[in-house]
Amino acid sequence: MATANISVFHAAVCAEYEIKVNPHVLDALEKTTDTESVTLQLRGNHRLRCVQRLDDRDVLALSKCLRNNECVTGLDVSYNNITDEGAGHLADLLQCNSTLLSLRLSGNKIGNRGAMHLASMLQVNDSLTELELDACDLVNTHKHTDTHCKSVSLTLPLCLQATQSVIAFAIALKSNKTLRSVDISRPLLFSHQEEWAVHFSEMLLLNSSLVELHLGKTGMTDTGMERLTEGLRLNRSLRYLDLRCNRVTRDGVRHLAETLKQNPTLEIIDLSANRIEDEGAAYLSEAVTWPGCVLRELSVSSNNIRTEGLLCLAQALTVNTTLNHIYIWGNHLEEPVCQAFRDLIASGRLPPEQTDVSAYEVDGHVFLAEVFHSLRRRYHSSSGTDTRNTTDTATDHADNPVSGSPPHDDESQQPVRPQAC
């Protein structure tokens, strides 16, 4: 189907199923050009204008419209009102559509049933390379409706089924050979046994195609990290591991550091907002200086690291020539640390745009101010390539993996906030 006819076909589908046309969808379809690679941007949290968010009926019409389409390769329906029913429609679409490479569902209310639909789809789909489910609840919900109001209530036993959803994705990924990027951050898990980490560890042992894995805000502890690294140690495909905003301490990082000494592919690790402290930083420093470590980008911001640990990392940078991005803001930046990182930046070993601190001097004392740089948000591009050979600055990698995605504002131009030592 030519993209020029998508809007007409969409109107016909809406008429057939008695669905009111969503002006946000119509506007996006009318702007779609007849090219070989089109991404439909239908986010519900548009920055500049108010849009009508998509619901399950809108998704039904859209999925029928795209079923035989050969031009749309990306679909971003993040932060809408899509529930399990809508996820089922998209899963049905992906079982017959072989051109859609990227699907973003972040910030929707997709529960256990919807997650199971998507996991089942992954077992038969051989084209999707990017799937985002971060900030989806991934819990089972019961809706109680009367003539006056609608409410959603959660009970703990039902929430435990969220673990089943995450495990289902891990099982599907064991046999999936096309998916390159998976983001299941913030799944609202209520189990403290971390069974899902065991399954993801087994998945990493078997999967040879996954390049990027986001496990932020999963509540991972040191036990989960130990289980995960058992599989990661023998994995030879993963490049980007996102573990931000978890409960990992020095003991968990020790297992990760041992893995870095043996893993020849892992290049980017996000450990921001954990609690690895000085000992954890020392473990990472030792791994970074280990022969064969290929780590290129590391974030340890907000980890309660003090002078000893930060100086270990600074010293490691003088030995290691591969690590060229490091982010440390939010730790205890005493003056020896400020001086060490000022020297790294001044010598050219650490480019200013590849760290989140900038040195300045007042009355003979050195301080560090925050600069709004951070790790790239995405590693893999839905076009089938990664971003390693593009510009090497962190801000240029910000959340723009899909062709047609609008770039974010240049955050590096925002004013910095000084941190006194």
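Predicted model: local features only at pLDDT ≥ 70, side-chain atom pairs only at ≥ 80, totals over all residues.
Where does D58 sit? You will find D58 in helix 3, which covers residues 56-66. Leaving aside residues up to four places away in sequence, D58 touches I19, K20, N22 and R53.

Now turn to the sheet. Strands of a sheet pair through backbone hydrogen bonds, either parallel or antiparallel. Here ten strands make an open sheet with parallel pairing, and their order is 1-2-3-4-7-8-9-10-11-12. At the edges are strand 1 (38-41) and strand 12 (325-327), each pairing on one side only. From one strand to the next, the twist averages 5 degrees. For a look at one pair, find strand 10 (residues 268-270) and strand 11 (residues 297-299): they run parallel and are joined by three bridges. In this pair, I269 stands opposite L298 of strand 11.

Finally, let us visit the nonpolar residues. In soluble globular proteins, nonpolar side chains tend to be buried together. The largest nonpolar core in this model has 98 residues, and L75, F200 and F341 have the most contacts inside it. Helix 7 (residues 161-175) gives this core its largest share, eight residues. Apart from this core lies another one of six residues, including Y240, I268, L375 and Y379. As for L75, its contacts beyond four places in sequence include T39, L40, L62, L90 and R104.

How values were computed:
Residues numbered from 1 in each chain as written. Heavy atoms only, no water. Helix = DSSP H or I, 4+ residues; strand = E, 2+ residues; numbered from the N terminus. Contact = heavy atoms within 4.5 Å. Pairing = 2+ DSSP bridges. Axes fitted to C-alpha atoms, helices over the stretch in contact; angles between N-to-C directions. Core = buried A, V, L, I, M, F, W, Y, C linked by side-chain atoms within 4.5 Å. Buried < 20%, exposed > 50% of the residue type's maximum accessible area, 1.4 Å probe, protein only.
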